[in-house]
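Subject: Structure for your review

Dear colleague,

Please find below the structure that I am handing over to you, together with its sequence.

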Amino acid sequence: MKLFVDSANLDEIAALVPLGIVDGVTTNPSLLSTQGDDPREVLKRICELVQGPVSAEVVATDVEGMVREGRELAAIDPHIVVKVPFGKPGVQACHMLAAEEIRVNVTLVFSAAQALLAAKVGATFASPFVGRLDDIATPGMDLIGQIVEIYEAAAFSTEILVASVRGPMHVVEAARLGADICTCPPKAIDALFNHPLTDIGLEKFLADWARAQQRPG
Ligand code: G3P
């Protein structure tokens, strides 16, 4: 399963890239709006850092506006994937942009029916939001299981990009269910590394070794 960083913060992304685990980045207007600089400049620099798919979202809500913005975003860098919100305008814009071989990430997906329509119009990625479903007492990972089943049955090429991830269990469950990608805030990626027994085990190894170095002879 590929791992994307769900952030528009260059420092956060730059800190994770050397680990060799980052396959791409997802941004959204909320994340980008916190970065101060020109959003297009920020996106360009993220592309240079990551050398993988970087999702950038349109803010237009009409088809013509989404397609126009989509072309502009795609022109920023070959790594850019245009993000459109699910809905009739978003589905139509995805259909049109995909016909121009512009990669599209259909976002704000909350049902299997929405994910089905996104795949039918040639989306490169479909982004179901698991955390926001959990927030309303609807098990987000059940949706991922349904989408994996539907996409496999229809042999869709659209990749399932699990979004609105809140912690390591969302990542583990997404991988177990066969999702293609998981996009995680840096905090959730850091948490993937944690296990107390790893720390305790290393501490003991090093202590034993140090003690052995002090033994005479
Ligand atoms: O970038 C899309 C998504 O991952 C944001 O989700 O719920 O953490 O705001 P959330």
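A crossing of two helices is termed right-handed if the near helix is turned clockwise from the far one by less than a right angle, and left-handed if the turn is anticlockwise. In this sense, α6 and α8 cross in a right-handed manner. Please note that the model is a predicted one.

Helix α6 comprises residues 112–120, and its axis lies 9 Å from that of α8, at an angle of about 35°. On the α6 side, the contact is formed by Ala112, Ala115, Leu116 and Ala119. Helix α8 contributes Leu143, Gln146, Ile147, Ile150 and Tyr151. Sorted by class, this contact of α6 with α8 contains 8 nonpolar residues, 1 polar residue and no charged residues.

Helix α8 (residues 140–154) also packs with helix α9 (residues 168–177): their axes come within 10 Å and cross at roughly 20°. Angles under 35 degrees count as roughly parallel, and α8 and α9 are therefore roughly parallel to each other. The crossing of α8 and α9 is right-handed. Met141, Ile144, Gly145 and Val148 of α8 make the contact with His170, Glu173, Ala174 and Leu177 of α9. The residues of this contact comprise 5 nonpolar, 2 polar and 1 charged.

A further helix pair is formed by α4 (residues 63–74) and α5 (residues 88–99), whose axes are 9 Å apart and meet at an angle of about 45°. This angle makes α4 oblique to α5. The crossing of α4 with α5 is right-handed. From α4, the residues Val63, Met66, Val67, Gly70 and Arg71 meet Pro89, Gly90, Gln92, Ala93, Met96 and Leu97 of α5. The contact of α4 with α5 divides into 7 nonpolar, 3 polar and 1 charged residues.

The residues around the ligand are Asp6, Asn28, Lys83, Phe129, Arg132, Ala163, Ser164 and Arg166. Among them, Asp6 has a polar side-chain atom 2.5 Å from an oxygen atom of the ligand. For Arg132, a polar side-chain atom lies 2.7 Å from a ligand oxygen atom. For Lys83, the distance from a polar side-chain atom to an oxygen atom of the ligand is 3.5 Å.

Yours sincerely

Notes
Residues numbered from 1 in each chain as written. Predicted model: local features only at pLDDT ≥ 70, side-chain atom pairs only at ≥ 80, totals over all residues. Heavy atoms only, no water. Axes fitted to C-alpha atoms, helices over the stretch in contact; angles between N-to-C directions. Helix = DSSP H or I, 4+ residues; strand = E, 2+ residues; numbered from the N terminus. Parallel < 35°, antiparallel > 145°, perpendicular 65-115°, else oblique. Contact = heavy atoms within 4.5 Å. Nonpolar A, V, L, I, M, F, W, Y, C, P; charged D, E, K, R; others polar. Near = heavy atom within 4 Å. Polar contact = N/O pair within 3.5 Å; in protein donor to acceptor, adjacent residues only side chain to side chain.
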